[in-house]
Amino acid sequence: MTTPVCTSASDAATPATRTLPYAPYPSFASYVKARQPVLLRTARSLTANPSDAEDLLQTALTKTYVAWDRIEDHRALDGYVRRALLNTRTSQWRKRKVDEFACDELPEPEGLPAGDPAEQQALHDAMWRAITKLPARQRAMVVLRYYEDLSEAQTAEVLGVSVGTVKSAVSRALGKLREDPELSPVR
């Protein structure tokens, strides 16, 4: 068995050795060369970005090239390509996924002002005083759920109760904390 060997890259790239699966259209090449600036202006009017306009024109010209032998009146090529530009842009627009919107102002706040450490400590102390007013069982559930960051199932397992008991007891405890007069200035 013999292995084919490539003698040189320059020999392989000559037009005589290169075979195309289709016959090139010289009339298409001359049309593109003559009309490309006008068609590019049309594509730029359909997009906001010049790079996107070039991509759009290339896609429309590709579609035109594929249909070149089906186009009967080559005097109406500009209309055909413009329609291909418009249809391609419409398809891109319909397929796009909008994740971001351009706007003048950022939607995020620039940052919350740092609170006074004394006020934060006062709030922390008021919260603990309100928690100590809760019955022992509710206090344990609130501490495990929100300070120890356990799930409802983990809290139920630690305390030996059902998940429903944890849910209802924590709900009642949060209701009492909402009504605590010491925490009302926070709201």
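Reply: The crossing of helices H2 and H4 is right-handed in this predicted model. Two packed helices are described by the angle between their axes and the distance between the axes. Here the axes of H2, residues 26-46, and H4, residues 77-95, cross at roughly 35 degrees and come within 11 Å.

From H2, the contact draws on Tyr 31, Arg 35, Val 38, Leu 39, Thr 42, Ala 43 and Leu 46. H4 contributes Leu 77, Asp 78, Val 81, Arg 82, Leu 85, Leu 86 and Arg 89. Sorted by class, the residues of this contact are nine nonpolar, one polar and four charged.

Two of the residues in this contact, Arg 35 and Asp 78, also pair through their side chains. Side chains of opposite charge can pair when their charged atoms come close. Asp 78 and Arg 35 form a salt bridge with an N to O distance of 2.6 Å. Because Asp 78 belongs to H4 and Arg 35 to H2, the pair ties together parts that lie 43 residues apart in sequence. Asp 78 has a relative accessible area of 18% and is therefore buried, the limit for that class being under 20%. Arg 35, at 26% relative accessibility, counts as partly exposed.

Leaving aside residues up to four places away in sequence, Trp 68 touches Tyr 25, Ser 27, Phe 28, Tyr 31, His 74 and Leu 77. Among these partners, Tyr 31 and Leu 77 also belong to the contact of H2 with H4. Tyr 25 is 43 residues from Trp 68 in sequence, yet their C-alpha atoms are 8.1 Å apart in space.

Another salt bridge joins the side chains of Asp 73 and Arg 75, at 3.1 Å from N to O. Asp 73 is partly exposed, with a relative accessible area of 35%, whereas Arg 75 counts as exposed at 78%.

The count of salt bridges comes to five, and a further one lies elsewhere in the chain. Lys 133 forms a salt bridge with Asp 180, with the closest N and O atoms 3.4 Å apart. This pair links distant parts of the chain, 47 residues apart: Lys 133 is in the loop between helix H5 (117-132) and helix H6 (136-147), and Asp 180 is in the segment after helix H8 (163-179). Lys 133 counts as exposed at 53% relative accessibility, while Asp 180 counts as buried at 7%. Both residues belong to a network of salt bridges that links Arg 129, Lys 133, Asp 180 and Glu 182.

The setting for these details is a protein with eight helices and zero strands. Considering contacts between residues at least 6 apart in sequence, 51% join residues at least 24 apart. The protein exposes about 14200 Å², and carbon and sulfur atoms supply 55% of that area.

Methods: Residues are numbered from 1 along each chain as its sequence is written. This is a predicted model: local features need pLDDT of at least 70, side-chain atom pairs count only at pLDDT 80 or more; totals for chains, interfaces and linings use all residues. Side-chain values use heavy atoms; hydrogens and water are left out. Helices (H or I, at least four residues) and strands (E, at least two) are DSSP runs, numbered from the N terminus. Contact means heavy atoms within 4.5 Å. Accessible areas come from the Shrake-Rupley method with a 1.4 Å probe; for residues, only the protein chains shown count as cover. Axes are lines fitted to C-alpha atoms, for helices over the stretch in contact, and angles run from 0 to 180 degrees between N-to-C directions. A crossing is left-handed if the near helix is turned anticlockwise from the far one by less than a right angle, and right-handed if clockwise. Ala, Val, Leu, Ile, Met, Phe, Trp, Tyr, Cys and Pro count as nonpolar, Asp, Glu, Lys and Arg as charged, and the others, Gly among them, as polar. A salt bridge is a side-chain nitrogen of Lys or Arg within 4 Å of a carboxyl oxygen of Asp or Glu. Buried means under 20% relative accessible area, exposed over 50%, partly exposed in between (1.4 Å probe, protein chains only).
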